[in-house]
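Please keep the viewer open while you read.

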Amino acid sequence: MSRIVFVLFAAILTDALTAGQVNVEPNTALLNEGDRTELLCRYGRTINYCRIEIPGEQKVLNLSPEWSKTPGFTYYGAGLQAGQCGVTIERVKASNNGQVKCSLGVEGEELSGTIDLVVALRPQQPIIELLSKPNREGYFAEGTQFMARCSVRDGRPPANISWYIDNMPANKQTTPLEIISTPTNDNVELSTSVQQIQWHLSPEDSNRKLVCRSHHQTDRETVPPQEAAYIINVRYAPVHQSEASVYGLYLDHTAIVNITIRASPLPRIEWTIEGLVVSQGRTEGRYSAYEPQYLGNDEYNVTLAIAGLTLEDTTKIYNLRATNELGLTDYQVRISSSSKPPSNSLDVAAIVGIVVAVAVLVLVVLLVLFARATGRWCFGGKSIKTPTNETDGQNDKQLELGGQHGQNVALLETPNGITLLGASKLREANGNANGNGTPQERLSVERRPHNDEDDSFEYATDRESSVYNPTTRPLRSVLMSQAGGRNSRNSASSEVEPLNTENSDLLQKGNQLGIPESRFSRWLPKDKLELLEKQAMLLSGRGKAMNAAAPPPATPPKPQKKVLATPTETTATTTTTMATPKLPQETEI
């Protein structure tokens, strides 16, 4: 409750204060002579009259929305009922500068307010005053601390000051802007702006223009800022510079060697060539030294002429000494018959060539990586290892020996184009025998002709259309172990006759049989699996019958040299057939 009472009390007090005072817009009006302006005094309640006093005018203005009796001055505002009392001045005069007073009649009393009306007065031309004095000739010595002061007088409002050197900001040490007010005879207050600048002079400051520029309210596009200028002259010894080089001289012609130096005052020139001294205006042998030629801005062109330039002249160092009253400076000059100086950096064409070469190299590397990753172009073909004649002979012999011992191999096709056929593949249907009546068996290798057809379907790893049994073993393991005499638990080892020592040694390494390594895993389809199982059962039964009919062997034959049998000799050879082991139900390569 107390909070609500406090808020109401504050609102009433605020309204009372607002109603009891006059608000003005604007508080200060800064205008140029001839400008148009509106001045307004406001009160929170209805006013009875509006009276305004303007400096420089002879009478007080009594204004109302209903009438206008004074030319150039009219009522401004929303009306007396709205508590507004204002005036529009069509054209401000310099004499109107000062305080404008508005008087408002409210319920038998008069309230007043004031507005500062400032009519700008353009200041006088800036003046530069030298605090450090030059010599009688108007020159400063190098290293002298230069000090100057700029004054802009009689401005209303005060003018601002900025410093420039050759139309560029000076960026030198300056003092804070000082404003000095001076009243006039008619009690009008004018202002003077003062600022100082200082720095140590160098040869670069010689012949440069120091500018003091004033900025004022009266500045317009058609009326630029006012300014004052001073030319700085500096005396200094010849300026040192790095070794100079002159190119494009012609052998066997008179060579003109030019070099530009800076000095103030005029320097005196002396050339020295391998101990030979040539002063300006003189000729010594083939060398002639000319008088320095003034180019402006304290720059001089110094020339040496060499008659009949030789290749040896281009290897010499030419020493130049420039002297004036403030000191001397030595220069070194080299000359060359080359058309242009050697460049330490690459030109545009070389840079473009390097960028293009790098871009092409990166593109080639990316293409190679892409082709290798996706198996395209030169990486799309299959790698086929072509056996040599010697390797073919060894493989044929090993396969033949495997057939002699009755090893049966399943009919499989591998990605490198080789098909392995079992021993029963070549067995005669009617039991053809050799001279001893023993059936002849032999492993044979057929090579599938290479083509570029896609074999992804044939060697796919899709197991949905195949039989998968995790208890089976891959064909590679079975064949390799059987070929080496192992895996007797999975084969009919009890019915197999012992191998001789020579052949057992030969077959210890399964990979010597020529069974190729496969890149893909393949599970045999169900129909092929059943066919292989039936074929293995038939072959096992036939092998048992043949073993029962064969007579027991005599004493073991003596070991003989391994001779690769030709097809004719193989037909006449008597071999002992071993029982064919039962193939696994499912294979993987």
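## Salt bridges across the chain

At 19% relative accessibility, Asp219 counts as buried, because the cut-off for that class is under 20%. Keep in mind that this is a predicted model. The side chain of Asp219 meets that of Arg122 in a salt bridge, with 2.9 Å from N to O. This pair links distant parts of the chain: Asp219 sits in the loop between E18 and strand E19 (227-232), whereas Arg122 sits in the loop between E9 and strand E10 (127-130), 97 residues apart. Arg122 itself is partly exposed, with a relative accessible area of 26%.

How many salt bridges does a search of the whole structure find? The search finds 17. In general, side chains of opposite charge can pair when their charged atoms come close.

A second example is the salt bridge of Asp313 with Arg286, where the closest N and O atoms are 3.0 Å apart. Asp313 lies in the loop between strand E28 (299-306) and strand E29 (317-324), and Arg286 in the loop between strand E25 (283-284) and strand E26 (287-289), so this bridge ties together parts that are 27 residues apart in sequence. Asp313 counts as buried at 0% relative accessibility, while Arg286 is partly exposed at 31%.

Asp330 and Arg321 form another salt bridge, and here the closest N and O atoms are 2.7 Å apart. Asp330 is partly exposed, with a relative accessible area of 39%, and Arg321 is partly exposed as well, with 36%. There is also a network of salt bridges, which links Arg36, Glu38 and Glu90.

Let us turn to the cysteines. The table sets out the geometry of each link.

| Disulfide | S to S | Angle about the S-S bond | Hand |
|---|---|---|---|
| Cys41 and Cys102 | 1.9 Å | -100 degrees | left-handed |
| Cys50 and Cys85 | 1.5 Å | 70 degrees | right-handed |
| Cys150 and Cys212 | 1.6 Å | -75 degrees | left-handed |

Each link can also be placed along the chain. In the disulfide that joins Cys41 to Cys102, distant parts of the chain are linked: Cys41 is in strand E3 and Cys102 in strand E8, 61 residues apart. Both Cys41 and Cys102 are buried.

The disulfide between Cys50 and Cys85 likewise links distant parts of the chain, with Cys50 in strand E4 and Cys85 in strand E7, 35 residues apart. Cys50 is buried, with a relative accessible area of 0%, and Cys85 counts as buried at 0% too.

Cys150 and Cys212 form a disulfide between strand E12 (residues 145-155), which holds Cys150, and strand E18 (residues 208-215), which holds Cys212, the two being 62 residues apart. Both Cys150 and Cys212 are buried.

## The five-stranded sheet

In which order do the strands of the open sheet of five strands stand? The order is E2-E9-E8-E4-E5, and the pairing is mixed. Strand E2 (28-32) and strand E5 (61-63) are at the edges with a single partner strand each, so one side of each is left without a neighbour in the sheet. From one strand to the next, the twist averages 25 degrees.

Within this sheet, strand E8 (residues 98-106) and strand E9 (residues 109-120) run antiparallel and are joined by nine bridges. One detail to look up in the viewer is Gly98, whose bridge partner in E9 is Leu117.

In soluble globular proteins, nonpolar side chains tend to be buried together. Here, the largest nonpolar core has 28 residues, of which Ile52 and Leu104 touch the most other members. The elements that give two or more residues to this core are E2, strand E3 (37-42), strand E4 (49-53), E5, strand E6 (73-76), strand E7 (84-89), E8 and E9.

Leaving out residues up to four places away in sequence, Ile52 touches several others, among them Val60, Leu61, Leu63, Val87 and Val100. Cys85 and Cys102 are also among the residues that Ile52 touches.

A second, separate core has 24 residues, including Ile306, Tyr331, Val333 and Ile335.

Methods:
Residues numbered from 1 in each chain as written. Predicted model: local features only at pLDDT ≥ 70, side-chain atom pairs only at ≥ 80, totals over all residues. Heavy atoms only, no water. Pairing = 2+ DSSP bridges. Helix = DSSP H or I, 4+ residues; strand = E, 2+ residues; numbered from the N terminus. Axes fitted to C-alpha atoms, helices over the stretch in contact; angles between N-to-C directions. Core = buried A, V, L, I, M, F, W, Y, C linked by side-chain atoms within 4.5 Å. Buried < 20%, exposed > 50% of the residue type's maximum accessible area, 1.4 Å probe, protein only. Contact = heavy atoms within 4.5 Å. Disulfide = S-S within 2.5 Å. Salt bridge = Lys/Arg side-chain N within 4 Å of Asp/Glu carboxyl O.
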